[in-house]
Amino acid sequence: MEKFTTLTGVAAPLPIINIDTDMIIPKQYLKTIKRTGLGVALFSEMRYNEDGSENPDFVLNQPAYRQAKIVIAGDNFGCGSSREHAPWALADFGIRCVISTSFADIFYNNCFKNGILPLVVTPDQLKLLLDDAERGANATLTVDLEAQTIKGPDGGTLHFDIDPARKQILLEGLDDIAGTLKSDPAISSFEGTMATQRPWL
């Protein structure tokens, strides 16, 4: 998994509450088990018209936000069914960070498994970030995971909290298996002790 250290990119404002996983990646795209190729379908019901043409009003279709790496979203992002295709689609599009006041638990956990940083901020902080994001191509934010800061286009800085274990997983680019293997010496030691003390097991 690609390491997440510092991310600088355009932030797209998506101030909609309760964006569920079906809105992120509709059910008809769930037939694949590949993590690539889903970016084109990200938010497809909002991005495209019925005839397949782009909806010019949707934020990611606007020239300033086509290369966005960050999404500033409304409350309860990623609610609904527990489809891992949602973070797959975000990552394939190029989104590495989603900022909201709250996330659905399963989606939040899946983000860390796929190299995406989901950041929880206060409503006041979200308002400031949405104001920054409304600047279009000038809506560039820098997210520093090590320092746990978000720097706005005018140099203003916000601090965020994150679980230390999850932080380390992203900093090192570890998936679940690689994260477990970091504890291999302790696991092997435990198994050796158990084999000696309880050979009947």
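**Close-up 1. How helices α3 and α4 sit against each other in this predicted model.** Angles under 35 degrees count as roughly parallel, over 145 as roughly antiparallel and 65 to 115 as roughly perpendicular, with the rest called oblique. Here, α3 (residues 85-93) packs against α4 (residues 105-113) at an angle of about 45 degrees, so the two helices are oblique to each other. Their axes lie 9 Å apart, and the crossing is right-handed.

**Close-up 2. The residues where α3 meets α4.** On the α3 side you'll find Ala86, Pro87 and Leu90. Their partners in α4 are Phe107, Asn110 and Cys111. Sorted by class, this contact has five nonpolar residues and one polar one, with no charged residues.

**Close-up 3. The buried face of helix α6.** Helix α6 runs over residues 164-172, and its buried residues are Lys167, Leu170 and Leu171. Look down the axis of α6 and these buried residues fall within an arc of 100 degrees, so they line one face of the helix. What covers them? The cover includes helix α4 and strand β4 (117-120).

**Close-up 4. Asparagine 55 in its loop.** This residue belongs to the loop between α2 (44-47) and β2 (70-73). Is asparagine 55 buried or exposed? Its relative accessible area is 18%, and buried means under 20%, so asparagine 55 counts as buried. Setting aside neighbours within four places in sequence, asparagine 55 is in contact with Met46, Arg47, Tyr48, Asn49 and Asn61.

Key:
Residues numbered from 1 in each chain as written. Predicted model: local features only at pLDDT ≥ 70, side-chain atom pairs only at ≥ 80, totals over all residues. Heavy atoms only, no water. Axes fitted to C-alpha atoms, helices over the stretch in contact; angles between N-to-C directions. Helix = DSSP H or I, 4+ residues; strand = E, 2+ residues; numbered from the N terminus. Left-handed = near helix turned anticlockwise from the far one by under 90°. Contact = heavy atoms within 4.5 Å. Nonpolar A, V, L, I, M, F, W, Y, C, P; charged D, E, K, R; others polar. Buried < 20%, exposed > 50% of the residue type's maximum accessible area, 1.4 Å probe, protein only. Arc of directions from axis to C-beta.
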